[in-house]
Amino acid sequence: MPPAVIDVRKADNPRDVVHIAVQALAEGQLVVFPTETVYGLAASALAPGATERLHAVKGGTSRVPTRWPSRARTRRPIMSRT
């Protein structure tokens, strides 16, 4: 599937962009989003194959820990080796 670029400035409702991103993550796709300083790359840790795609795109190995934010009871991000 070719990448899709969604410009939030051209969306009828900016919330639609969030829904599209969440759906993409649920389907195991990667989502790139801008921040103030860098671009973020997101993948769902629950989607089969998504973490492998994330490592392939980043050019890293699975031996390097990846940060997987989680809504655990402690509300602390979990560091995971994938």
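**Exercise 1. Which residues lie nearest the centre of the largest pocket, and by how many residues is the pocket lined?**

Solution. The model is predicted, so local features need pLDDT of at least 70 and side-chain atom pairs count only at pLDDT 80 or more, while totals for chains, interfaces and linings use all residues. Residues are numbered from 1 along each chain as its sequence is written, and side-chain values use heavy atoms, with hydrogens and water left out.

Step 1. A pocket is an open set of points on a 1 Å grid over the protein atoms alone, where a 1.4 Å probe fits, with protein on both sides within 12 Å along at least five of seven lines; lining residues have an atom within 4 Å of a point.

Step 2. The lining numbers 23 residues, and Ala4, Val5, Leu30, Val31 and Val32 lie nearest the centre.

Step 3. The volume of this largest pocket is about 780 Å³.

Step 4. At least two lining residues come from each of α1, β1, β2 (39–42) and α2 (50–58). Here helices (H or I, at least four residues) and strands (E, at least two) are DSSP runs, numbered from the N terminus.

**Exercise 2. Describe how β1 and β2 are joined, and assign the side chains of β2 to its faces.**

Solution. Step 1. β1 and β2 run antiparallel and are joined by four bridges; strands pair if DSSP finds at least two bridges between them.

Step 1. Val31 has Ala42 of β2 opposite.

Step 2. Buried means under 20% relative accessible area, exposed over 50%, and partly exposed in between (1.4 Å probe, protein chains only).

**Exercise 3. Determine which residues of α2 are buried and how they are arranged.**

Solution. Step 1. The buried residues of α2 are Ala50, Thr51, Leu54 and His55.

Step 1. Because these buried residues fall within an arc of 135 degrees when seen down the axis of α2, they line one face of the helix. The arc is that of the directions from the helix axis to the C-beta atoms.

Step 2. Glu52, Ala56 and Val57 are exposed, on the face turned away from the buried side.

Step 3. Gly59 follows α2 and has a positive phi, near 75 degrees.

**Exercise 4. Is Thr51 buried or exposed?**

Solution. Step 1. Thr51 lies in helix α2, and its relative accessibility of 13% means that Thr51 counts as buried.

Step 1. The C-alpha atoms of Thr51 and Gln29 are separated by 9.7 Å.

Notes. Points joined across faces, edges and corners; volume = space filled by probe spheres on them.
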